Structures are given as C-alpha cells and as structure tokens.
Amino acid sequence: MAGIGVKLNRIFSKNTITTSLVGFGYSSAITIAPMCLIITTIIIMQRLLGFTKLGYAVRELFACTVLYIFIFALLTSSPFNAVLSRYLSDVIYEETYDDILPCFFTGLILNILLSCLVGIPFCVFEYLAGEVALFYVFAGYCGYVALVLVFYSMLYLSICKDYNKISLFFLIGMLTAVILSLVLVYLGRVETTFAMLASLDTGFVLIACLELALIKSYFRKNSGKYKIVFRYLGKYWQLIATNFLYTLGLFIHNFVFWTTDMRIVVAGSFVCATPYDMATCLAMFTNLSASVIFITRVEMHFHERYRKYSEAVIGGRGNDIANTKKRMFYQLSEELMNLVRLQFIVSVVLYFACIILLPQFGFGGMVIRIYPCLAAGYFILFIMYSAIIFLYYFNDLNGSVMTSLGFCLVTLLGSICAARLSPIWYGIGLVAGAMTGWCIAYCRLRNMERNLDIHVFCEGNILKKGHGKPPSGQVYSNPFPAAKRKRKRHLL
C-alpha cells in the first residue's frame, strides 16, 4: 500500500474542501472502482437487453451463476495472494527483479489448479443434475477461471502501484462487454442471459490479457528460481491461512443460511438465500468506505511513523528508538479511532438512506429486517481487518491466524444459532465473529506494544539455521599437543 501516499499527501496538503473531495475520489477509484464497474455493467446490460421481461427461472439462473463466479473466484484466489504479495515486496526490496516471473508463474499454476479442482466437479454436477445447457455451463466456467486470472494479475499491478491502469483496464473490459452483449442479442439473435454471460467472460479475458501484457512489459527476465517460491510458501504458511480464513469468514454466514428454509434451489445445483444475500450486499456497501478511509489514513500518517521507527532501529540511539516507538503506537491507536469515528458517521448516514429509499425501489420486507444487524457486523469486520493489516506490519503472523480463525469459527457457530432466531437477529453471528476477531487482534497489538523490543532485537540467530550435522561444541583447542609438551619438557 505504500505507493499512493505521496499522491494523497500532495492532494490533501492544501486542506480545502475541494481537495478533500478529490482525495477521497482518488482513493475510491484505486480501491473499489473495479467492483463498481462490474456491478454497473451488469445493471446496464439488464436495462438495455430487457432482462426483467425474461422468465423467473432464467433470471435466477443467471443471477446465481454470476454470484457463484464471484464468491468462489475470491475464495480460490485468496490463499496465495497475501504470501505472494509479501514475497514480491521482499524481491523488490532486494532488487532481484528476475525472481518476479518465477513467482508469477508458480502462483498462476497453483491458482489455476485449485480453481479447477473446485470448479470442474460443480460444473459436471450442474450439467447432469441441473440439466443446464452445456454451452451455458461452459460459459459460466470460463467466466470463473477468467475472473481468477483477473484477481491474480491485479496483485502484481498493485505491487507496481499501477492502480490507475487497473481501473482503466476494467473500464475497457466492461465497456467491451456492454457493446458485445448488444451485438449478440440484437444482431446475432443470441439468447439474452447467455449473451450477457458470454460478454462478461469476454470482458474478464480482455482485462486479464491487458494485465498480463503489462506485467510482461515490466519484468522481462526469468531467473528460473522456482524452488525458492515453494520454500517461501512453506515458511509463511500463516499468511495463506489468514487470508483464506478471512475470505471464508466473509461468506460462511451466507453458506449457513443457504441451508435453511429461506434457501432457493435453482436448476437443481445452485443454492442461494436471496433476502439474506441481498441484505449482505447492502451491508457490505454501507461499510465499504472503511477500506478507502483506512488506506488514506495509513498512507498519509502511520506509514511515515513506521518508517522512522525502522530507521531508528537500524542506526539510531536508544532514546530515538523509544521515542519513535511511542509515536508509532500512538499513531496506530489514533488511526483506529479515527477510522471508527469516520466510518460510524458514513455508516449511519447510508443506513438511514437505505431504510428510507430502498422500500421505494422494491427492497423491503425481509431484506430491511435482516439488514441492520448485518450492517453492524460489517462495520466491526472492516475495523478488524484494519487491525490484521497492522499485525502484518509487525510480522505477528501467528496473531493474524488466530484473529482470522476466531472470526471464521465464531461466525459459523453464531450463524447456526442465529438461524433459529427472528429475522432481525440473523446477522448476529457475523457481529459476534467480527467482535471476536477484533478482540484477538487488539490483544495481540497491545502485547506487541509491550514486547516490541524483544520481538525486534531478540528474535535473530547468531548461526544460520539449516539441516544437517550441528557444528562442534568445542570452542578452544590446545596449540601444544601432548607429544610436543613432553618433548619441550625433555629439552628443558
């Protein structure tokens, strides 16, 4: 994240309302613009192609296909993103840029293999049990794999600080999807939902190709050091576990409610709970600005304090280390409190706007009753994830695993219990899980503050770790063996 701080500082330095709006818009563009473009594209295609005039079963099949594409693309790409991001950061710091392509291809193969292992069995089940047309099943599978490639390639462009180009590629891809859908429906006379799905597939493939071309233009040489990447994955397995458990926790409460009486089974294979899923989407969007606020605040303030502390550790005096440490943790607590304050104001405003306006657009009843508790849960959830990022800063990987594991397990158990309550309490499982994760992360940060000197100065090793025969324990040998000593006494 350390690449946009200069830009944000330049924007916010003038301290005017206009520059604040520009800075917030820029932060939004580099964080949530891709997702907003995809959602806008789907809405535009539905309006232009008469999607609402289609049969209910056809519309639900398309909606469930898109839902599953996004959920499982995020899940299958999540395990490797955090650890590969750290590996790339280390490579860039050491300026061994030839090691980036081995990392890229290794991660690409692992992502594709995992995605195929999950996607192919479901597609076979969809075709056999759901009797969905083979070309439609294949189009859904292609969209799923293409989106996995898009998410994976975004990781490398984010490391290269090419946020603007990421948004530009999504704009090009989604604009192409809209135009292609119109051509297929009105000129090619293709069935509407298949045309929409095929157009989205084309847009995702185009985005992935543009991202891959840009990555290849940056990194042309390949060192061939693939074993190092696998060793790195084994060494930092905590990052794999943390990111996967956090992503799983985002959707595990939905999976629980997919098993209740609220569920809808589409084509004998897709399962969803439309009221709960819609309330989840609204709650997530209500608190999505937390990620924008967090990136803005951390880039502008905390990262500078963290850098000064690191410089003091490398070559500063004891007083410098103590003072910069104190300022760094003071800034950390300030950032968390400011994030809570600002996001609380935004969430309350958006909450009342949703309560007042959504019933006029047909979103009422069960959705509005489920929405408030989920909105509170996602509010705590995004604060918890901010604490996980701070744990990454201090290399507390065990703490991050404990946080994500606690969040995921409590969310699962809490949602199972909440399914037996009234609809207004359906989201209490997410609230309990997010609060559990936040408490664990907070306790780890407090422990890190008390023991940071031990963590920094006492975790090293004098001898390099390795496998094999240990070195000899002998530290001194007599320079005069026994025979020489006897001969010396004889001469004397």
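**Reading cores, patches and phi angles**

Modeller: Asparagine 395 lies in the loop between helix H14 (366–393) and helix H15 (397–418). Helices (H or I, at least four residues) and strands (E, at least two) are DSSP runs, numbered from the N terminus. This is a predicted model: local features need pLDDT of at least 70, side-chain atom pairs count only at pLDDT 80 or more, and totals for chains, interfaces and linings use all residues. Residues are numbered from 1 along each chain as its sequence is written, and side-chain values use heavy atoms, with hydrogens and water left out.

Colleague: What is the phi of asparagine 395 near?

Modeller: Start with the general idea. Most residues other than glycine have a negative phi. Asparagine 395 has a positive one, near 60°. Asparagine 395 counts as partly exposed because its relative accessibility is 34%; buried means under 20% relative accessible area, exposed over 50%, partly exposed in between (1.4 Å probe, protein chains only).

Colleague: Where is alanine 267?

Modeller: Look in the loop between strand S1 (264–266) and strand S2 (270–272). Alanine 267 is not a glycine, yet its phi is positive, about 55°. Its relative accessible area is 25%, so alanine 267 is partly exposed.

Colleague: Now the cores. Which residues touch the most other members of the largest nonpolar core?

Modeller: In soluble globular proteins, nonpolar side chains tend to be buried together. A nonpolar core is a set of buried Ala, Val, Leu, Ile, Met, Phe, Trp, Tyr and Cys residues joined through side-chain atoms within 4.5 Å. Here the largest has 106 residues, and Phe62, Leu84 and Tyr156 touch the most other members. Helix H6 (residues 134–159) gives the most to this core, 17 residues. A second, separate core has 21 residues, including Phe329 and Leu391.

Colleague: What does phenylalanine 62 touch?

Modeller: Contact means heavy atoms within 4.5 Å. Leave out residues up to four places away in sequence; among the partners of phenylalanine 62 are then Ile42, Phe51, Tyr136 and Leu200.

Colleague: Which residues form the nonpolar patch on the surface?

Modeller: Patch residues have over 30% relative accessible area and no salt bridge; nonpolar side chains (Val, Leu, Ile, Met, Phe, Trp, Tyr) are joined within 5 Å, like charges within 9 Å. A salt bridge is a side-chain nitrogen of Lys or Arg within 4 Å of a carboxyl oxygen of Asp or Glu. Here Ile120, Val124, Tyr127, Leu128 and Leu134 form the patch, with about 490 Å² of accessible area together (Shrake-Rupley method, 1.4 Å probe; for residues, only the protein chains shown count as cover). Helix H5 (residues 100–129) gives the most, four residues.

Colleague: Is threonine 106 buried or exposed?

Modeller: Threonine 106, in helix H5, counts as buried because its relative accessibility is 4%. Beyond its neighbours within four places, threonine 106 contacts Tyr226, Val229 and Phe230. Valine 124 is also found in helix H5, but its 44% makes valine 124 partly exposed.
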